[in-house]
Structure formats: C-alpha cells, structure tokens
Amino acid sequence: MGVDGTIEIRGLRCRGRQGVTDEERAVDHGYLVDVAVRTDIDRAIAADDVSAATDISALASAVRAAVAARPRALVERITYDVARALLDGFPELHEARVKVTKPQPDGLGADAESVELTLHR
C-alpha cells in the first residue's frame with residue numbers, strides 16, 4: 001500500500017499574456033502560481049533518493065511553460081491549462097490543484113485577482 005502525499009510549490013513566478021482585448025494579450029504579465037499535486041510518495045520515502053521522487057524542478061518548468069504557451073482571455077483558462085499540463089506530463093500524479101494570481105490587475109483597483117481549481121485523474 002502506498003503513501004499518498006502532497007507536493008506543493010507556492011508563489012512560482014511566471015510570465016504570460018492574458019486579457020480580454022488584443023492589446024492586453026499583447027503585453028507580457030507577471031503571475032504567481034501555487035501548485036499542490038497529489039501522488040504516491042511511498043517509493044521516494046523508502047529510497048530516500050531524489051531519483052525516486054517527483055521532480056519538483058520539472059513541475060516548476062511545466063507550470064512556467066503552460067502559463068507562457070499562448071495568449072488567453074481569462075485567468076481561468078490559464079489555471080485550467082496549467083493543471084491539465086501537470087496531469088498530462090506527470091503520469092504519477094492523480095490530482096493537481098492550481099491557483100493563478102495576477103498581481104495588480106488593470107482597472108480593478110485591487111492588489112490581485114486569482115482563480116483556483118482542482119483536476120483529478
């Protein structure tokens with residue numbers, strides 16, 4: 001029987017293009033992404049070796065690539081695309097919870113806006 005664990009990355013700095021107009025989508029924006037993935041960590045615990053664990057650097061790279069992949073109208077779509085990329089790219093994961101935060105969004109008068117969702121395999 002495995003040991004179900006959560007691996008988290010908080011506040012991963014990413015760059016991407018998002019907005020409702022062509023002008024907004026043409027501008028590169030900064031985003032902060034929080035990721036929590038669920039997987040069996042039994043092998044990593046038993047081996048106490050990085051080669052038996054989910055590669056956190058690879059998770060971070062996949063998140064950054066997904067955010068930067070293409071312009072989108074909505075933060076919701078970025079969030080979904082990141083979660084989908086994690087489940088598609090890491091077969092050992094059975095859940096991906098992703099929160100994308102856009103600091104200082106234009107016209108909102110707020111510190112940030114964010115969207116969070118969870119996808120399951």
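**Fold, core and selected residues of the predicted model**

Read along the sequence, the protein chain of this predicted model follows the pattern β-α-β-α-α-α-β-β. Its secondary structure comes to four helices and four strands. The C-alpha trace spans about 50 × 25 × 20 Å along its principal axes. The accessible surface of the chain comes to about 6900 Å², and carbon and sulfur atoms hold 50% of this area. Of the 121 residues, 37% count as buried. Among contacts with a separation of 6 or more, 59% are between residues 24 or more positions apart.

The strands were examined next. The four strands form an open sheet in the order β1-β2-β3-β4, and their pairing is antiparallel. At the edges of the sheet are β1 and β4, each of which pairs on one side only. From one strand to the next, the twist averages 15°. Helix α3 packs on this sheet, where it touches β1, β2 and β3. The direction of α3 makes about 35° with that of β1. In general, strands of a sheet pair through backbone hydrogen bonds, either parallel or antiparallel.

Individual pairings can be followed residue by residue. Strands β2 and β3 pair in the antiparallel sense over eight bridges. Across this pairing, V33 stands opposite V100 in β3, and A36 stands opposite R97, also in β3. Strands β3 and β4 likewise run antiparallel and are joined by nine bridges. Here V98 stands opposite L117 in β4.

The largest nonpolar core has 27 residues, of which V33, V37, L59, V63, V67, V82 and L86 touch the most other members. Two or more residues of this core come from each of the elements β1 (4-17), β2 (28-40), α3 (56-68), α4 (75-89), β3 (93-103) and β4 (112-120). With its neighbours within four places in sequence left aside, L59 is in contact with I7, I9, V37, T54, L86, F90 and L93. Two of these partners, V37 and L86, are also listed with L59 among the core residues that touch the most other members.

Residue D34 is found in strand β2. It counts as partly exposed because its relative accessibility is 27%, which falls between the limits of 20% for buried and 50% for exposed residues. Beyond its neighbours within four places in sequence, D34 is in contact with I9, R10, G11, R97, V98 and K99.

Residue R25 is placed in helix α1 (residues 22-25). Its side chain makes a polar contact with the side chain of D22, at 2.5 Å. Once neighbours within four places in sequence are left aside, R25 is in contact with R17, Q18, G19, V20, P71, R72 and A73.

Most residues other than glycine have a negative phi. By contrast, phi of D48 has a positive value, near 50°. This residue is in the loop between α2 (42-47) and α3. D48 counts as exposed because its relative accessibility is 70%, and the limit for this class is over 50%. Q104 also has a positive phi, of about 45°, although it is not a glycine. Its place is in the loop between β3 and β4. With a relative accessible area of 55%, Q104 is therefore exposed.

Terms used: Residues are numbered from 1 along each chain as its sequence is written. This is a predicted model: local features need pLDDT of at least 70, side-chain atom pairs count only at pLDDT 80 or more; totals for chains, interfaces and linings use all residues. Side-chain values use heavy atoms; hydrogens and water are left out. A nonpolar core is a set of buried Ala, Val, Leu, Ile, Met, Phe, Trp, Tyr and Cys residues joined through side-chain atoms within 4.5 Å. Buried means under 20% relative accessible area, exposed over 50%, partly exposed in between (1.4 Å probe, protein chains only). Contact means heavy atoms within 4.5 Å. Two strands pair if DSSP finds at least two bridges between them. Axes are lines fitted to C-alpha atoms, for helices over the stretch in contact, and angles run from 0 to 180 degrees between N-to-C directions. Accessible areas come from the Shrake-Rupley method with a 1.4 Å probe; for residues, only the protein chains shown count as cover. A polar contact is a pair of N or O atoms within 3.5 Å; within protein, one must be able to donate a hydrogen and the other to accept it, and residues adjacent in sequence count only if both atoms are side-chain atoms.
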